[in-house]
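Dear colleague,

I am handing over the structure we spoke about, and below it you will find my notes on what turned up. Please read them with the view open beside you.

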Amino acid sequence: MTAPALVLDGVTHAFGDRVALDGFTLTVAPGQVTALVGLNGAGKTTALRALTGRLRPGGGTVRVLGHEPSRLPPAVAARFGHVVGAPLVQPELTVVENLWCAALLHGLRRRRAAEAAHDTAERLGLAPWCDARARALSAGNHQRLGIACATLHRPAALVLDEPTSALDPQGVVVVRGLVRDLAAEGTAVLVSSHHLDEVARVAGEVVVLHAGRDVGRLEPGGDGTTDGTTGGTSIEQRFFAMVLEADTSSGTGDRPGTRTGGPA
Ligand SMILES: Nc1ncnc2c1ncn2[C@@H]1O[C@H](COP(=O)(O)OP(=O)(O)OP(=O)(O)O)[C@@H](O)[C@H]1O
């Protein structure tokens with residue numbers, strides 16, 4: 001069996017007395033796209049930050065390509081890509097300069113770096129902005145640039161936190177295609193999102209995180225042909241039912257921050 005590329009195993013973390021992750025376990029195998037969904041404050045970003053090494057969790061095990069995230073050997077770091085929080089984009093550099101730097105930082109040689117910068121700018125729809133400084137980009141194009149910088153080296157493992165939050169419909173389609181292509185090449189992808197229909201289209205597994213815990217899986221479409229409806233029940237209805245059930249069984253339904261609401 002292939003070893004998972006991304007591992008969170010029994011991860012716990014609290015900010016003061018606020019529990020963000022409560023024994024959360026998740027693995028992503030090479031070629032797999034897994035989506036992490038949950039309400040605001042569920043713990044998604046905390047889990048992704050643990051994978052990027054920006055947060056050392058209070059307990060549990062975290063591995064990226066077999067290594068502890070804050071101590072990735074350079075050769076392994078060069079096979080990892082992520083956008084969690086602010087992307088690694090330099091505002092004073094142009095789009096193409098940012099892409100070029102990202103390629104070199106990920107170990108591509110100069111000629112290959114130039115090709116990758118050009119190809120990725122085309123792929124992400126950034127070609128018209130190549131000579132614009134990053135600070136002058138719109139929010140959506142800035143997000144496209146961050147994703148481009150994190151993926152142009154064709155990473156073996158990729159972590160994206162809400163990658164389509166600022167994108168127009170065309171950008172959503174472009175990123176969906178990019179994620180699918182990377183997975184087809186063997187990249188393990190973990191993506192968080194609030195767009196349930198969108199993740200149902202791209203992910204093979206949709207994990208519901210609630211109050212820091214894995215409370216179940218939503219059955220995704222995965223083939224791009226579904227609107228996320230299964231047996232007449234929308235993916236949103238199934239999501240809210242799962243969250244409500246988790247609150248009910250843990251007796252936390254009245255706790256601030258855990259009210260589920262949702263459609264009737
Ligand atoms: N730096 C921090 N200091 C204190 N509390 C934090 C910090 N970061 C996160 N938290 C808390 O940890 C919990 C999980 O937050 P997290 O950002 O991981 O949730 P999320 O699922 O990503 O939410 P959203 O969908 O709103 O982005 C929340 O209760 C949040 O308030």
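In what follows, a residue is called buried if 20 or more other C-beta atoms lie within 10 Å of its own, exposed if 12 or fewer do, and partly exposed in between. Please keep in mind throughout that this is a predicted model.

With that cut-off, the buried residues of helix α1 are Lys44, Thr46, Ala47, Leu48, Arg49, Ala50 and Leu51. Because seven of the nine residues of α1 are buried, this helix is largely enclosed by the rest of the structure. Just after α1, Gly53 takes a positive phi of about 80°.

Which residues surround the ligand? They are Phe15, Arg18, Ala20, Gly38, Asn40, Gly41, Ala42, Gly43, Lys44, Thr45 and Thr46. Both β2 (18-28) and α1 supply at least two residues of this shell, and the largest share, three residues, comes from α1. Sorted by class, the shell has three nonpolar, six polar and two charged residues.

As for the overall division of the chain, there is a domain 1 (1-79 + 157-264) and a domain 2 (87-154). Their contact takes 14 residues from domain 1 and 14 residues from domain 2. On the side of domain 1 that touches domain 2, the elements giving two or more residues are β6 and α6, and the largest share of that side, seven residues, comes from α6. The residues on this side of domain 1 divide into ten nonpolar, two polar and two charged.

Gln143 has its place in helix α5 (residues 139-151), and it counts as buried because it has 23 C-beta neighbours inside 10 Å. Leaving aside neighbours within four places in sequence, Gln143 is in contact with Ala166 and Leu167, while Gln143 and Val33, which are 110 residues apart in sequence, are 20 Å apart in space, C-alpha to C-alpha.

Gly60, by contrast, is found in strand β4 (residues 59-64). Is Gly60 buried, exposed or partly exposed? With 17 C-beta neighbours inside 10 Å, Gly60 counts as partly exposed. Not counting residues up to four places away in sequence, Gly60 touches Leu8, Asp9, Gly10, Val11 and Thr12. Gly60 and Asp17 are 43 residues apart in sequence, and from C-alpha to C-alpha they are 18 Å apart in space.

With best wishes

Conventions
Residues numbered from 1 in each chain as written. Predicted model: local features only at pLDDT ≥ 70, side-chain atom pairs only at ≥ 80, totals over all residues. Near = placed C-beta within 6 Å. Helix = DSSP H or I, 4+ residues; strand = E, 2+ residues; numbered from the N terminus. Nonpolar A, V, L, I, M, F, W, Y, C, P; charged D, E, K, R; others polar. Contact = placed C-beta atoms within 7 Å. Domains from an automatic or database assignment.
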